[in-house]
Amino acid sequence: MDTLFRRVTPFTGKMKCGVCGQPFTRKKGTIRGKTYVHWICRSQKETGMSCTSVNFSEEELERISARTLGMDEFDGAVFEKAVRGITVMENGDLEFHLTGGETKVWKNLHLDPPRHIATVTDCFQGKIRCAACGNTYHRVNGAGKWVYWYCIGKKRKNVECHNPNYTDYKLRQVSAHMMGLEEFDEAEFEKQIEEITAFPDGSLEFNFYGGRKERWQRA
Ligand SMILES: [Zn+2]
Ligand SMILES: [Zn+2]
């Protein structure tokens, strides 16, 4: 079933941004000939600048919802009956508010640390490039808890970018994995990685010095 052209989906009107309180809206875009459907905070869509909430592809939302609700495969009718609303939290967790009154939390990026572990990594500066708008990622230190990297295109006027954010810790984990290391090493990163390309679907392409490229897919 081709879902790209649906206008009303089970998620319509059900998702709210936990950072700024605006609803999430559906956004379709084409990058390099491939169509992506994303759900983004409305304040990002309207102003392109005022909210740094985490975005989700529709595919990802369906997968997460299926897992959270215990379905083998996503079923829109079951979802609509079971879920009153979803709040997208600042760290990318999703709070599912169920019609029965219960709340279920889906934890974003299972590799992410508990809130009290925050890493701040300098060597990512200037090395992460957004595939959607061509700008680089910049760091936000969130009140001593989470450190995020986000595409600076989100803050620029006349650029409409909705590429996903990453926690510093997550980037370290993924980078270590891609370099075949048990633990992240800043010197190794500087030595091996020329640039990381961040794609709208959340995947990261690591460009190694010497021309090797490897792609990491968001789980
Ligand atoms: Zn928002
Ligand atoms: Zn961008």
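**View 1. Strands 5 and 6 of the predicted model are joined by five bridges.** Strand 5 covers residues 83–88 and strand 6 covers residues 94–98, and the two run antiparallel. In general, the strands of a sheet pair through backbone hydrogen bonds, either parallel or antiparallel.

**View 2. Helix 2 spans residues 58–69.** The helix has 12 residues, and the distance from its first C-alpha to its last is 16 Å, close to the 16 Å expected at 1.5 Å a residue. Its buried residues are E58, L61, E62 and S65. Seen down the axis of helix 2, these buried residues fall within an arc of 100 degrees, so they line one face of the helix. An α-helix has 3.6 residues a turn, so residues three or four places apart point the same way. The buried residues of helix 2 pack against strand 3 (34–41), strand 4 (56–57) and helix 3 (76–82). After helix 2 comes G70, with a positive phi near 75 degrees.

**View 3. G134 sits in the loop between strand 8 (128–130) and strand 9 (137–142).** G134 counts as exposed because it has 11 C-beta neighbours inside 10 Å, and the cut-off for exposed is 12 or fewer. The C-alpha atoms of G134 and A198 are separated by 9.6 Å, although the two residues are 64 residues apart along the chain.

Key: Residues are numbered from 1 along each chain as its sequence is written. Chains are lettered from A and ligands numbered from 1 in the order in which they are written. This is a predicted model: local features need pLDDT of at least 70, side-chain atom pairs count only at pLDDT 80 or more; totals for chains, interfaces and linings use all residues. Helices (H or I, at least four residues) and strands (E, at least two) are DSSP runs, numbered from the N terminus. A residue is buried if 20 or more other C-beta atoms lie within 10 Å of its own, exposed if 12 or fewer, and partly exposed in between; C-beta atoms are placed from the backbone. The expected span of a helix is 1.5 Å times one less than its number of residues. The arc is that of the directions from the helix axis to the C-beta atoms. Two residues are in contact if their C-beta atoms, placed from the backbone, lie within 7 Å. Two strands pair if DSSP finds at least two bridges between them.
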